[in-house]
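Follow the strands and helices of this model one region at a time. Keep the viewer open while you read.

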Amino acid sequence: MTWFRAGSSIAKLAIKRTISQTGTYTTRKQTLLLPSQTRQFHTTLFKSKSAQSAPVPRAVPLSRLTDSFLDGTSSVYLEELQRAWENDPQSVDESWDNFFRNFVGQASTSPGISGQTIQESMRLLLLVRAYQVYGHMKAKIDPLGLETREIPDDLDPAFYGFTESDLDREFFLGVWRMSGFLSENRPVQTLRSILTRLDQAYSGPIGYEYMHIADRERCNWLRDRIETPTPTQYNSERREVILDRLIWSTQFENFLATKWTAAKRFGLEGGETLIPGMKEMFDRSADLGVESIVIGMSHRGRLNVLGNVVRKPLRQIFSEFSGGTKPVDDVGLYTGTGDVKYHLGTSYDRPTRGGKRIHLSLVANPSHLEAVDPVVIGKTRAKQYYSNDINRTKNMGILIHGDGSFAGQGVVYETLHLSGLPNYTTGGTIHIVVNNQVAFTTDPQAGRSSQYCTDVAKALNAPIFHVNGDDVEAVVHACELAAEWRQTFHSDVVVDIVCYRRFGHNEIDEPSFTQPKMYKIIRNHPSSLEIYQKKLLESGQASKEDIDRIQSKVTGILNEEFLASKDYVPQRRDWLSAYWLGFKSPEQLSRIRNTGVKPEILKNVGKAITTLPETFKPHRAVKKIFADRLKMIETGEGVDWAVAEALAFATMLVEGNHVRLSGQDVERGTFSHRHSVIHDQETGERYCPLDHVMMNQNEEMFTVSNSSLSEFGVLGFELGYSMENPNSLVLWEAQFGDFSNGAQVIFDQFLSSGEAKWLRQTGLVVLLPHGYDGQGPEHSSSRLERFLQMSDDNPFVIPEMEPTLRNQIQTCNWQVVNVTTPANYFHVLRRQLHREFRKPLIVMAPKNLLRHKECKSNLSEFDDVQGHPGFDKQGTRFKRLIKDQNDHADLEEGIRRLVLCSGKVYYELDEKRKSGENKDVAICRVEQLCPFPYDLIQRELKRYPNAEIVWCQEEPMNMGPYSYIAPRLATAMKALDRGTIDDVKYVGRAPSAATATGFYTVHVREQSELVQNALQSETLANPTLC
């Protein structure tokens, strides 16, 4: 195959030159020579020498046919080589020797092919290869016949000098170690039979693209299934199953259209063959060992897939069309805001045609078409971990795309290129493109630069099967072939179902405004069901009675389900089908758990994560870092951020939880602080201390992995991973928090609102390095204000704050923290798992605090021992607010100002306070910004009854927490008669378009001023009155 790929252009040049030199090639039109056509051609034949003693042909591996084999560029050269070989086979290159042995030897011993020449042999091979490469260009894949494609000259037999008189000549194709037409069992065929089968194989209802795959084994595997002696045929039993499934698909859409004529449903009309294709794909997958499939798709055809493939109760779907009702009252039942019916997901254990059962789960998806792609892949990977699916053959992901979005949305490629990465691969995803040949109103020529919408998949060496969506048997065959490929080679594959939308983008749209020609054809075009019924009736494979019987059965069931839908009331199992057993909804009170760890456990795991093997040779700087870390554990003092994080991970591992951290450069850490993976400086060997916390630890139980340079795709992946099992701590870290907005769709549509819309909890942790230290506008801000703006707690209502009744954090959509001590970071991570519900956690991670001399904790703040610094009346837990560290009493009437802040600015304020006369200023750190700690804020307001209230931040006024904090702080103050929002003073940077200045000197001045202003002796002006 290598010599074909590398040398075809040279060989074609040789043909062109030879033909031009002999003057025997007539001008060609853009039509092809088919076996049935009569057309006059001329060619020149070079007769080979007939020698009874010619060598016997032997099998030749294509890898031996090197470039030297195709170096010839003229017929004279070929003739001279042949003459030299006949005189002395040793006088020519071995690759040419092999070539002549195959062809000349066979020709001399088979009278029927005695006229075959070396050039003809090469030309015939090139013709076969041309079909393998370009046959899809001639395939009949457009059901509407709208697309006019230029068929390459390479597919014209006349291009290779063949004439009408050659059609019934026998040709020797060779005895190659290949499959299909070059297999050993059919070396001699007539040109007519070769052309007929090539057309059937490559120019029928399926167009195959696979010759871009640089792997002979995989190409041969496909050739074995494509270049079969006869086309694939299904028996009558299989055809009845296919018919039944196509009738269900068609009748479902017809029924909805009849009952709800003005409703948007984004129906599948024009692409109904997707349903039997998917079902046959699932059946074949189950036969090959797949036990669970995770599906992601946008709204087109989603209801049909929900009802007919995943088996969501039809009465429930019909009830949702009628407006639906919220679920009946139930203890702790949380219904959220809900979502439109064509965004919802579900799961079901489905029986297969082969008698097995397969679990299907359709992931909920917003209208952002391809946004669900990485979520599905992440969830699939998690399923593989929890089911110990090491070979990745039991759990599979299937993504259903639109043609416009597959070509146009970048997250498609971000997801595709995860497929081969060790810590992200799922062993292959099957991609099905429902190709409407138009994206909403945009024609393909305006929507993509490539010929096909699927061309992006070629970057992965994925085979692509373009199939005519009107030919249900071709769709079924392509889907089955895709399932076999995935289970055989554990890599991605694409099925491009070329179809159309009968009613435009949705049912109330008028598509003729923009595609009049297309919809003129569609109005008179028969459905795929009508086409298939006609085929079966004409072939005698089914009778009209058989078809009517199936139609009546389906119609009856649809009507029964419709009547049942009128009295349908959703139950908990319907809405909360994905609920994790034993976990609480936002309306069920969850008890608060301590997060401290026994001192002996801390010491043991601490030594494990700070000790390296004796034979391991790390970088000398890394060696010192680990020596310092071991000292922290042994002395119990000066624990820094990285050690606190590692202790959190290690203790959760010991408790039996899975921990996964991924993101750009997370193994070392962007700021060279983590060093979770160490590299031997001599051998390059890798060592991860957290893989050795326990004896015989599963190597994937702790996973830390540098990711590709992607935010959208990787964050989506980790979100999907976190949704599978609650007993895992899944973290994604941005390289800088500033870059996280590359994944804004995941934050907006999934993470912040997924539980409310789709009742799916996740405990995903997002680490966003944040802080102003003079690195400019793209390395300073995680846009904290955006996360707070998306928080759903009411700024004017104080919720129940009694510790035994408080469920504030359960009813909030997520948590946003800006932690300032290693111990508090340790506890907030552990808190994620030590409770009976799951919430996303957004962490404004530090940068310069990672090595700040004051940002240290003692090991006693991590344990659960009463009397230690971290232990209070409720035990050892995450501190939502850290009070002033000057040992103030419960009442301090002499404090003139209470400065509330969050993040690293605290250390600058405290340093300035220590250096001056500011003992009458109290500084408290709000560690948890959302949900707002009203109870602890009011505690501090009571402690300082005469204090001026100041909010201090590094960010500009229009950014950072200020706009979130001010109304909530005012609500807390108002409840204590401490004033209104006009009494909340602001200290920070002025409003700005950019997050930060790019001039370091300006940064230093601004930072100094805001610290000075926060501590100044003069009363501060109210920002609303300035």
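Leucine 731 stands opposite valine 765 in β16. That strand, β16 (residues 765-769), runs parallel to β15, and 3 bridges join them. Strands here are DSSP runs of E with at least two residues; helices are runs of H or I with at least four; both are numbered from the N terminus. Two strands count as paired if DSSP finds at least two bridges between them. This is a predicted model, in which local features need pLDDT of at least 70 and side-chain atom pairs count only at pLDDT 80 or more, while totals for chains, interfaces and linings use all residues. Residues are numbered from 1 along each chain as its sequence is written, and side-chain values use heavy atoms, with hydrogens and water left out.

β15 (residues 728-733) has another partner. Strand β11 (residues 658-663) pairs with β15 in the parallel sense over 6 bridges. Valine 659 stands opposite leucine 729 there. How many residues of β15 are buried? The count is 6 of 6. Buried means under 20% relative accessible area, exposed means over 50%, and partly exposed lies in between (1.4 Å probe, protein chains only). Ser728, Val730 and Trp732 cover one face of β15; Leu729, Leu731 and Glu733 are on the other.

Now turn to β9 (residues 464-468). Here 5 of 5 residues are buried. Ile464, His466 and Asn468 lie on one side, Phe465 and Val467 on the other. Strand β3 (residues 206-209) pairs with β9 in the antiparallel sense over 4 bridges. Glutamate 209 stands opposite isoleucine 464. β10 (residues 493-498) pairs with β9 in the parallel sense, over 5 bridges. Phenylalanine 465 faces valine 495 in that pairing.

Helix α5 (residues 191-202) has 12 residues. It reaches 16 Å from first C-alpha to last, close to the expected 16 Å. The expected span is 1.5 Å times one less than the number of residues. Buried residues of α5 include Leu191, Ile194, Arg197 and Asp199.

Next, the nonpolar packing. In soluble globular proteins, nonpolar side chains tend to be buried together. A nonpolar core is a set of buried Ala, Val, Leu, Ile, Met, Phe, Trp, Tyr and Cys residues joined through side-chain atoms within 4.5 Å. The largest has 137 residues, and Leu647, Phe747 and Ile842 touch the most other members. Helix α22 (residues 641-654) gives the largest share, 10 residues. Apart from this core lies another, of 96 residues, among them Cys479, Leu481, Val493 and Val495. Which residues does leucine 647 contact, leaving aside neighbours within four places in sequence? They are Leu602, Val605, Gly606, Ile609, Ile633, Phe826, Leu859 and Phe862. Contact means heavy atoms within 4.5 Å.

β22 (residues 897-901) and β25 (residues 948-956) run parallel, joined by 4 bridges. Leucine 898 has isoleucine 949 as its bridge partner in β25.
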